[in-house]
Number of protein chains: 2
Amino acid sequence: MSNHNQAAKAAAPRTAITPTRAENFPEWYQAVVKAADMAENSPVRGCMVIKPYGYALWENIQRALDDGIKAEDVQNAYFPLLIPLSFISREAEHVDGFAKECAVVTHHRLEKTADGKMIPAPDSALEEPLVIRPTSETIIGDSMAKWVTSYRDLPLKLNQWCNVMRWEMRTRLFLRTAEFLWQEGHNAFETPEEADIDARKMLEVYHDMYENFMAIPGFKGEKTADERFPGAVHSYTIEAMMQDGKSLQACTSHNLGQNFAHSCGIKYQGRDGAEHFAHTTSWGLSTRSIGGLIMTHGDDDGLIMPPRLAPQQVIILPIVKGEDNSAVMAFAEKLSKELKSIGVRAQIDKSDARAPDKMWAAIKRGIPIRVEIGEREVAEGKLTHTRRDLGRESKTTCTAAEFVGTVKSILDAIHTNMFETAKTKSRARVYNATTLDQVKGYFAESQDLGFVRMPVELLENADYQAFKKDNSLSSRCLPFEDEGRMVLIGKSY
Amino acid sequence: MSNHNQAAKAAAPRTAITPTRAENFPEWYQAVVKAADMAENSPVRGCMVIKPYGYALWENIQRALDDGIKAEDVQNAYFPLLIPLSFISREAEHVDGFAKECAVVTHHRLEKTADGKMIPAPDSALEEPLVIRPTSETIIGDSMAKWVTSYRDLPLKLNQWCNVMRWEMRTRLFLRTAEFLWQEGHNAFETPEEADIDARKMLEVYHDMYENFMAIPGFKGEKTADERFPGAVHSYTIEAMMQDGKSLQACTSHNLGQNFAHSCGIKYQGRDGAEHFAHTTSWGLSTRSIGGLIMTHGDDDGLIMPPRLAPQQVIILPIVKGEDNSAVMAFAEKLSKELKSIGVRAQIDKSDARAPDKMWAAIKRGIPIRVEIGEREVAEGKLTHTRRDLGRESKTTCTAAEFVGTVKSILDAIHTNMFETAKTKSRARVYNATTLDQVKGYFAESQDLGFVRMPVELLENADYQAFKKDNSLSSRCLPFEDEGRMVLIGKSY
């Protein structure tokens, strides 16, 4: 090795992403998003552009979750983007919760001033301003009130996939943006029992999605009163622990009791002939989940895509040294076709980039399996494949037929490994405390931030409340498995 | 028959929809939308609520069209809902075209007045107002300008599925609403030739969608200058003739030349090393297409769904007279399962409505095939099926196995019959004129409104221009097949 090469090697970063997670987690996150070409900031304050690779992931999330939602007999529909101010004001807690972050439409026309500047036409001012939906309980409740007259109309289960807007001062791609994409479900029932069962059931649908598609192990539980959705009676949540030990609220499902039924007038004639208010729920999962996926699975070389959602599950890298690449390309095309025919999302990197650049591009995008095909291998009918989650040590050479025969079980193994790894890591970072001193000690001394699981009574302790505030802690949830006796606290996104 | 029954029969309308198409086409349209439970007006001016049955149709349209779009190597992505005023003003014709119908966001917070009323907080006024996208050329162009630096980055083909808003004073469900759903594609190329080929190619993708899924025969052609998209060099369109003889612009595809590349700065270093502006296209299809579907295929009994897009392709109606319905229901369940297993969207009407009500509900929703199962038929292992497009005369009794074996070819036959019927009807209503007197005569005398196909030179005739204005006519397109020599004129939606 020449001196020049030695110097270059010593200076080169050892990871594809700088900084590393350990060095600066928030900057690592932004760098991963950029390296995987998933999204970027837009010229519109707080709004992001979701680039094709990020959007393809969202499409796969949508497809998987939509199947789960439809399996619960929920029907998709679409409601207006704009909500009259009077509607959003109907539920007192609700408007207080969202008033500070509403984008308000006040005019419906532009006109040119004398100096050629475009301005909102003064005579097009709306009598009643409209708010871009931050969430749709009130506008969907208005339709429900029309559609429900008898107990025979219940349950009524509706869902919409849409954009929503909550004006945010500090934004981060996927995690916190003024505009984001989500689904919001809104169900109505006869009895309080049905509504609560439903809110918990829809959380299970999310849980299934997180475990079986995103490979993210969550902590299921109920929100404490101070963390509840504005207007809800019970809010259920899945909290996911990111690799920096902070919590991401991964989705929520709310039992709204009769609050919105009262404010929107969702009434029905009951089996007893009398008039009753319905009991409603709402539940949502957003593009924020993509941020959670990145911060759960990414490593210092970039993204790791859970295989069941990966836009590309297998990337085929033709490695050609000589002039004639026809044999290698034919082999790659044949393999790609065979993989697609068994339902595997395969792609060939046909760019004219150098082989190492192709490899690193695939690594940074987190493609679950890389297949390298070189001239010698083609001659032998063989290929080399590598798992993104395990890296170089998983490098295996086999025949194309062997690979096609085992690729699905490899993808499943990657999913399972990713899930188990994330579960082991996050479960190891839950510290059980029984006293306030233990809680304080943990956050003062632990090298490795995580959640503290403590008795729920400590929440009322004035000392704890001061400590919580000083340390930016919050109650993440009352885990279902502890039946309301314990609470998980931590820092959060 | 008793006198009472005779009187009831005479008074009863002979059609499920009143008024009929012949009596009042616009009211017939609204009645069909309502009877099929597809959409309704919302409390927000000009915005509609798309109900589950209408939305399920839109989901099927999306799926079919998205496949066609992706087959052209277009990638889906997502861009901000809000567009800065300065962006939309960049292209002069563009802002003139949309300024009159823009919803403008001016504030980002609400606050409570002393008397408890919510208002836009004065100190939250935006420095630069934002417009809810009426279309996204300028905001997507801004991203393209960043993403394109070399000819190697071209072609760049992007599409987004989203909501857009154009403030409308007179609205009609699906046909003209302030907010609507659509896809908008935006492609960029090196050469003018590629851009024009692309704009025409994407029109073919739509044409395929209209013919092979919606069963709608369109008139393909180019828009005249006065009907062009604001900022386009060439606008291509599919015009579909509704049953009242009016034209619906079913979709458009625009060759934008370098207009938006200039105004957005989409530049690339060419193969010659010099800097060039890209050539762009844009193309869109919206929920308006659902209005076109209804007005093409509906009859005086309601909607007729084209089978390949129908949310339910087969509805099974169990007809139970006695107390015990278990045998009929078991037969229905078995049939439903068999149909689903071969990929047919089947549903059982399990409501406790009376048999005729179930039948009429299925007719009004336009479900392609109704299957009736009664006790006697179950005993014989048989069923009776009826096509929505042909009505009673198509009633056929056969075994369940025979039905399962032929159902797919029946669905195809329905599609073909719907398409051919619509084609025959619309082609018969194109009147060929060579002189202005013939044109005038047609619109004065014809009992049956339609299109007039006339030499393109007549457009310049001052007499024609006055006649056109007085009769609310417009140029629909220069049909491709006439190679620019002829123009189709007519009334339009």
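**A buried histidine and the A–B interface**

Leaving aside residues up to four places away in sequence, B:His94 touches B:Ile88, B:Thr135, B:Glu137, B:Thr138, B:Phe229, B:Pro230 and B:Phe260, where contact means heavy atoms within 4.5 Å. This is a predicted model, in which local features need pLDDT of at least 70 and side-chain atom pairs count only at pLDDT 80 or more, while totals for chains, interfaces and linings use all residues. Residues are numbered from 1 along each chain as its sequence is written, chains are lettered from A and ligands numbered from 1 in the order in which they are written, and side-chain values use heavy atoms, with hydrogens and water left out.

B:His94 sits in helix H5 (residues 92-98) of chain B; helices (H or I, at least four residues) and strands (E, at least two) are DSSP runs, numbered from the N terminus. Because its relative accessibility is 0%, B:His94 counts as buried, the cut-offs being under 20% relative accessible area for buried, over 50% for exposed and in between for partly exposed (1.4 Å probe, protein chains only). Its side chain reaches the backbone oxygen of B:Pro230 at 3.4 Å.

As for chain A as a whole, 15 helices and 25 strands make up its secondary structure, and its C-alpha trace spans about 80 × 65 × 55 Å along the principal axes. Of its 493 residues, 59% are buried. Looking at contacts in chain A between residues at least 6 apart in sequence, 67% join residues at least 24 apart.

Now to where the chains meet. Here 65 residues of chain A are in contact with 65 residues of chain B. About 5,000 Å² is buried between the two chains, with carbon and sulfur atoms giving 67% of that; buried area is the accessible area (1.4 Å probe) that two parts lose on being put together, summed over both. On the chain A side, A:Tyr78, A:His108 and A:Leu110 lose the most area to chain B, together 13% of what that side buries.

The count of salt bridges between chain A and chain B is four, each a side-chain nitrogen of Lys or Arg within 4 Å of a carboxyl oxygen of Asp or Glu. A:Lys70 forms a salt bridge with B:Glu59, their closest N and O atoms lying 3.2 Å apart. Helix H3 (residues 52-70) of chain A supplies six residues, the largest share of the side of chain A that touches chain B.

Strands contribute too: E5 (residues 104-107) of chain A and E5 (residues 104-107) of chain B run antiparallel and are joined by three bridges, pairing being called if DSSP finds at least two bridges between two strands. Within this pairing, A:His107 stands opposite B:Val104.

Technical notes:
A polar contact is a pair of N or O atoms within 3.5 Å; within protein, one must be able to donate a hydrogen and the other to accept it, and residues adjacent in sequence count only if both atoms are side-chain atoms.
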